[in-house]
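Subject: Structure handover

Hello,

Please find the structure below. Some notes on what was found in it follow.

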Amino acid sequence: MSGNTEPGPMGSYITGGEAYERDTQYIEDRIVADPEAVRALPAPPPSKIGAVGYGLTPGAQAWPVEPGRYRLVAAAACPWANRTLIVRRLLGLEDVLSLGRPGPVHDARSWTFDLDPDGRDPVLGSERLQEHYFTRFPGYPRGITVPAIVDVPSGAVVTNDYPQITLDLSTQWREFHRDGAPDLLLGDGFAQMRPVVERVFTEVNNGVYRCGFAGSQEAYDAAYARLWEALDWLEERLATQRFLMGCTISEADVRLFTTLVRFDPVYHGHFKTNRNRLTEMPHLWAYARELFQTPGFGDTVDFVQIKRHYYETHTDINPTRIVPAGPDLAGWLEPHGRERLGGEPFGDGTPPPPVRADERIAPGHSPLIAG
């Protein structure tokens, strides 16, 4: 998710009468365990969801995995960044990959570190993420997006290729996974879940944006129909299995969860995805509640920042910048009953330990933490 460079203090998200198309041109460098081995592999096929078992795309560079060298910059508000927060926590990478957290409201230039003392990231020393893009690519012309991984010694951004980042955290950073970390790729290198993940991305993760940023009634109507066809498919799928790929959590669940957790607070109203609320879909709602209550998922979710980001940043959709008070979030803690479908969230692994003190969600920003 980016700070757009269109006119206006907050950027512009709706263009003409056209259907919304996400810019998926990212910095495709990768951080890998063995750069030479990765350079020798064939280039991956074109993909918007990432790839496992391939080398570099043309022009991309391989950087070595080194504990403490890199900083993950990930705003809690952004669903694409939220994926990396979840995977980093599930795999136990907190001590080897540090975390920088921009505030929820960016302008047309960039995400800013306004939550930190003096408005500067304490490790990078910068006020804006844009500075690290410009260090690597002076005048970088595309969106300044999160998540991004920054090389701390040079201050240069390494990659913002969010679909690939989480896959590499699972595969290339394996030496540094915690004991009991789950195999989010289920042992087959992503092949089994690829069709599911692709449909979730194109129709749901991106589908809510296609509705929200539609520039005409026709574009909106088509986007709305596509989104709800996919959500109905998921509701049916999750009626008979506990998680998207069976009896344990996977990368597919991480990718779906970050959209579901934002659905009622933001997408239902702000993006007009309002056929019904998530709470009115019994299987999807129970599934989302189970994930929210699973360590590593809900404890990364900051509802206050999420709502502030969308309602205050998208001024062409919400020109008053008023942030709605609702919905009531207490339901996220209600029993989900998904145990009846069998399996265990972490399979043979274990849940991650409690969130470290410096990364906890602020009191009152989640039903998990009383205000």
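What volume does the second largest pocket have? Its volume is about 470 Å³. A pocket here is an open set of points on a 1 Å grid over the protein atoms alone, where a 1.4 Å probe fits, with protein on both sides within 12 Å along at least five of seven lines; lining residues have an atom within 4 Å of a point. The volume is the space filled by probe spheres set on the points, which are joined across faces, edges and corners.

This is a predicted model: local features need pLDDT of at least 70, side-chain atom pairs count only at pLDDT 80 or more, and totals for chains, interfaces and linings use all residues. Residues are numbered from 1 along each chain as its sequence is written, and side-chain values use heavy atoms, with hydrogens and water left out.

The lining of the second largest pocket has 25 residues, and Leu99, Arg101, Asp358, Glu359 and Arg360 lie nearest its centre.

Asn276 sits in the loop between helix 8 (251-270) and helix 9 (282-293); helices are DSSP runs of H or I, at least four residues, numbered from the N terminus. Asn276 is buried, at 13% relative accessible area (buried is under 20%, exposed over 50%, with a 1.4 Å probe and protein chains only). Not counting residues up to four places away in sequence, Asn276 touches Trp228, Phe263, His268 and Met281 (contact: heavy atoms within 4.5 Å).

Trp228 is also one of the buried residues of helix 7, which pack against helix 5 (194-205), helix 6 (207-212), helix 8 and helix 9. On the other side of helix 7, Glu218, Glu229 and Glu236 are exposed.

Regards

Terms used
Helix = DSSP H or I, 4+ residues; strand = E, 2+ residues; numbered from the N terminus.
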